[in-house]
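This report describes one structure, with a short section for each topic. Please look over the sequence and the model before reading on.

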Amino acid sequence: MSPIRYRGRHRKPSRASTLIRGGVLSGVVGTVAVTGAAAPAHAAEDPVETTAELRALNEILSTSTSEAAQATETYADLTGLRHEHADAERKAFTTAQRAAAELRAEEEAQAEAEAARLEAEAQEAAAAREAEEAAASRSAERSTLAAASAPAATESAPAPASGSAAAVISFVQSQLGDAYVMGATGPDAWDCSSLVQAAYASAGISLPRTSQPQSTSGTQVSLSNLQPGDILYWGSAGSAYHVAIYIGGGQFIGAQNSSTGVVQRDMAWDTPTGAVRVL
């Protein structure tokens with residue numbers, strides 16, 4: 001028996017309909033135009049189906065365009081945020097670098113100032129040691145010379161101090177061991193001129209405060225004719241830079257410097273320039 005053949009009319013789908021179903025369209029707007037132009041030639045076949053497909057395609061195109069626009073806007077926003085974040089990071093880095101540089105400069109300046117201060121102190125201490133050593137050397141040399149002429153010195157030794165001179169000497173002897181501080185006026189720290197002024201004040205005699213006028217406050221006397229209580233000075237009369245009290249026996253007491261304080265020394269330790277007698 002031969003197979004039964006279907007002799008009814010079979011309608012092929014239009015080419016445009018086939019393309020739409022298969023999703024072959026590319027270049028969305030151009031394809032819509034082609035489809036629209038081809039539709040009248042096949043309208044007799046299935047106009048309802050073609051119109052529905054075109055409507056669906058338009059909806060797809062509209063949705064795709066909206067999503068693309070939204071995606072573009074989102075991308076632009078993200079790009080802007082990334083740029084702002086990068087700018088903020090650069091600014092923060094620059095600020096941190098500047099602050100670090102300023103801190104380093106300040107620390108270096110402080111270190112240099114501290115080094116300069118320490119160097120100055122070391123130089124001052126070295127100068128004080130050198131002066132002390134030089135004075136000690138001179139004292140030793142002069143002590144040797146004095147020992148050779150001791151008999152003559154004994155014959156011309158001055159009589160012990162009395163009266164106002166004794167009061168002046170007693171005062172300076174009681175200050176032995178006190179500190180030397182520039183500008184200090186006692187009772188436990190002195191500079192050279194304040195000690196001399198206070199010693200004479202203990203005997204009821206008023207003297208100027210500083211060494212320059214003290215060196216001209218009485219009668220100038222030679223170092224070979226000294227008496228206990230005389231003021232010894234170093235430098236020129238009227239512009240002396242240091243003073244002390246002669247206590248007899250070739251000795252004097254004075255507030256020498258910050259290293260020694262108030263001490264008693266032999267005249268040979270540091271020979272004064274001149275002397276003045278007030279009493």
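## Surroundings of His242

His242 touches Cys192, Ser211, Leu232, Tyr233, Trp234, Ala255 and Gln256, leaving aside residues up to four places away in sequence; contact means heavy atoms within 4.5 Å. The side chains of His242 and Gln256 are also joined by a polar contact of 3.0 Å. A polar contact is a pair of N or O atoms within 3.5 Å; within protein, one must be able to donate a hydrogen and the other to accept it, and residues adjacent in sequence count only if both atoms are side-chain atoms.

With a relative accessible area of 9%, His242 is buried (buried is under 20% relative accessible area, exposed over 50%, partly exposed in between, with a 1.4 Å probe and protein chains only). His242 is found in strand β5. Helices (H or I, at least four residues) and strands (E, at least two) are DSSP runs, numbered from the N terminus.

## Basis of the model

The model is predicted: local features need pLDDT of at least 70, side-chain atom pairs count only at pLDDT 80 or more, and totals for chains, interfaces and linings use all residues. Residues are numbered from 1 along each chain as its sequence is written, and side-chain values use heavy atoms, with hydrogens and water left out.

## The sheet

Six strands form an open sheet in the order β3-β8-β4-β5-β6-β7, with antiparallel pairing; two strands pair if DSSP finds at least two bridges between them. At the edges are β3 (219–221) and β7 (261–266), each pairing on one side only. The twist from one strand to the next averages 35°.

Strand β8 (residues 274–277) runs antiparallel to β3, and 3 bridges join them. Val221 has Ala275 in β8 as its bridge partner.

## Two helices across the sheet

Helix α5 (residues 163–174) lies across β5 (242–248), β6 (251–257) and β7, at about 115° to β5. Helix α6 (residues 192–201) lies across β4 (231–234), β5, β6 and β7, at about 45° to β5. Axes are lines fitted to C-alpha atoms, for helices over the stretch in contact, and angles run from 0 to 180 degrees between N-to-C directions.

In α6, 8 of the 10 residues are buried, among them Cys192 and Tyr200. α5 and α6 pack at about 135°, with their axes 8 Å apart. Val168, Phe171 and Val172 in α5 meet Leu195, Ala198, Ala199 and Tyr200 in α6.
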